[in-house]
Amino acid sequence: MFAAREAWKAGLWAPRHWAGNIVAGLIVGVVALPLAMAFAIASGVKPEQGLYTAIVAGVVVSLFGGSRTQIAGPTGAFIVILSGIVAEHGVAGLQLATLMAGLMLCAFGLARLGGVIRYIPLPVILGFTAGIGIIIWVGQWQAFFGLPAVPGQFFHEKLWFLLRNLPNLDWVTTAFGFGSLALVLLPRRVSVLRRVPGPLLALVAATLLQGLCQFPQLATIGSTFGELPRGLPMPHWPDSGLDRIVPLIGPAFTIALLGAIESLLSAVVSDNMAGTRHDSNAELFGQGLANVISPLFGGIAATGAIARTATSIRSGGTAPLAGVVHALVLVLVLLVLAPLARNIPLATLAAILFVVAWNMSEAHRVVRLVRHAPRADAVILGLTLLLTVFADLVVAVNIGIVLSVLHFLRRMAASVDVAPVAIPDAVPENGPRIRALRVRGPLFFAAVEPLRAAFRAEPADVLILCLDQAPFADATALQALDDEIAAAHVRGMRVILCGADARIRAKLNRMGTLSRLGGRDFQPDLAAALDAVGRAAG
């Protein structure tokens, strides 16, 4: 159910809800202004493209997403991916990749994959978000300290260049950077300014100071990008030849995967704050639609923004109207205040991104997990973080998930037990030698070896295998079971299965195992199996 319709059914479009949502939209629009431009510049595109993204995504996701309180736009999580795509494929390639990612997200939503995204383990999420935070922080040193352009492709090359050139920093630019950083953090320390957005305070103060003093060595939006255009551009379809689409499939999937994770995390946060419940599949579809439309207007990739969504809810936002108003505020900025943006120092935007990077890294959660979580989870977190920073985000997430799954399988396999079962005294001593075993736990591919070992542990005339505590079985384990039964028959040992539920019995039937056993050697429980042995012996 789309957010607009869900809000309509809840009566949130009624006039009595307008005031709170309009105020929330105004506040979030003010907060989004510096962030949208900072994220765009850090992603390698023009600042106005961040505003276009926030406007288009803000409206589309608010109306067609799965959360009625979600605020969408460009986010810091995308910076690493988008800047890499721009460096390799240009801005046109980025817009095509974003459109392709949007189509993928729509497909994810239509295929009802919203619940699957939740299965990414916490150590992997914390690892790659902390890694992205480190990359953003180091990536803003150039603008914050007034350093020369950074060469190199890999993180360690860029870091080494920045460290070697740090003594050559520009003192005016650095002063603006630290002053802006102090202003961003000031409202957290001064109760009178508690309701003033720190990024806006820094933006206004630094822009006014540069407008009055005009420091020639200070890089600004005007000196680097020129003046912001007024209004939204006309929509245009990016160049989409097959020779351009194929190389962008991988980057587009990366955008789609990260966008899905970020948007659903933000939706969960908004649910916890507002007491609502989002539709994950509709959320993916809404995010996908936003990423299809955004590049048509010159925008970049967008997703749910946790900080802006939380700001909206704290300010009284309860309905999609808040997201629409936030977008209208940014349109008004483009129409009226665009000429004033030329004096915004890039050092101020870098200071804002310093705070964004720190918040993204969630250092307190990382430290707590490393200190208190199982060692394997801490290793997975650390490896994911290092691979994100020094290799590639997709490689980091893939390896982190694979290691998590392998660790889980190892733990699950260790929990599967094929244990002997005591035979009642009523069984005649001069009868056949009987062994009874019970499978406790899921019978799946990682538990094949304990099953094989149990079959061959001790000689017996009859082996009874109880499956009443096996919740499920996969094809690999069932094939191994069938092979062991055939080998037991060759050795002259009778095998009786008992206690399997209807699903496992159906799988055994399809595998041909029941035909191999015959009707007498598949029993409902252990007592029936022992009775069948007694009748055969008699």
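Cysteines and aromatic rings in a predicted model

Q: How does Cys 213 count by relative accessibility, buried or partly exposed?
A: In this predicted model, Cys 213 counts as partly exposed, because its relative accessibility is 39%.

Q: And what about Cys 106, buried or exposed?
A: Cys 106 has a relative accessibility of 11%, so Cys 106 counts as buried.

Q: How many disulfides turn up in the whole structure?
A: A search of the whole structure finds zero disulfides. As background, a disulfide is a covalent bond that joins the sulfur atoms of two cysteines.

Q: Switching to rings, how many aromatic pairs are there?
A: The count comes to 12 aromatic pairs. One of them is formed by Trp 137 and Trp 141, which sit edge-to-face with 5.2 Å from centre to centre and 85° between the planes.

Q: Are those two, Trp 137 and Trp 141, buried or partly exposed?
A: Trp 137 is partly exposed at 41% relative accessible area, whereas Trp 141 counts as buried at 9% relative accessibility.

Q: What about Phe 144 and Phe 178, which kind of pair do they make?
A: Their ring centres are 5.0 Å apart and their planes stand at 80°, so Phe 144 and Phe 178 are also an edge-to-face pair. This pair links distant parts of the chain, since Phe 144 lies in helix H6 (residues 141–145) and Phe 178 in helix H8 (residues 171–189), 34 residues apart. Phe 144 is buried, with a relative accessible area of 1%, while Phe 178 counts as partly exposed at 46%.

Q: Which residues do the ring pairs link into a cluster?
A: The cluster is made of Trp 137, Trp 141, Phe 144, Phe 145, Phe 178 and Phe 354, linked by ring pairs.

Definitions and conventions. Residues numbered from 1 in each chain as written. Predicted model: local features only at pLDDT ≥ 70, side-chain atom pairs only at ≥ 80, totals over all residues. Heavy atoms only, no water. Disulfide = S-S within 2.5 Å. Buried < 20%, exposed > 50% of the residue type's maximum accessible area, 1.4 Å probe, protein only. Phe/Tyr/Trp six-rings, centres within 6.5 Å; stacked < 30°, edge-to-face > 60°. Helix = DSSP H or I, 4+ residues; strand = E, 2+ residues; numbered from the N terminus.
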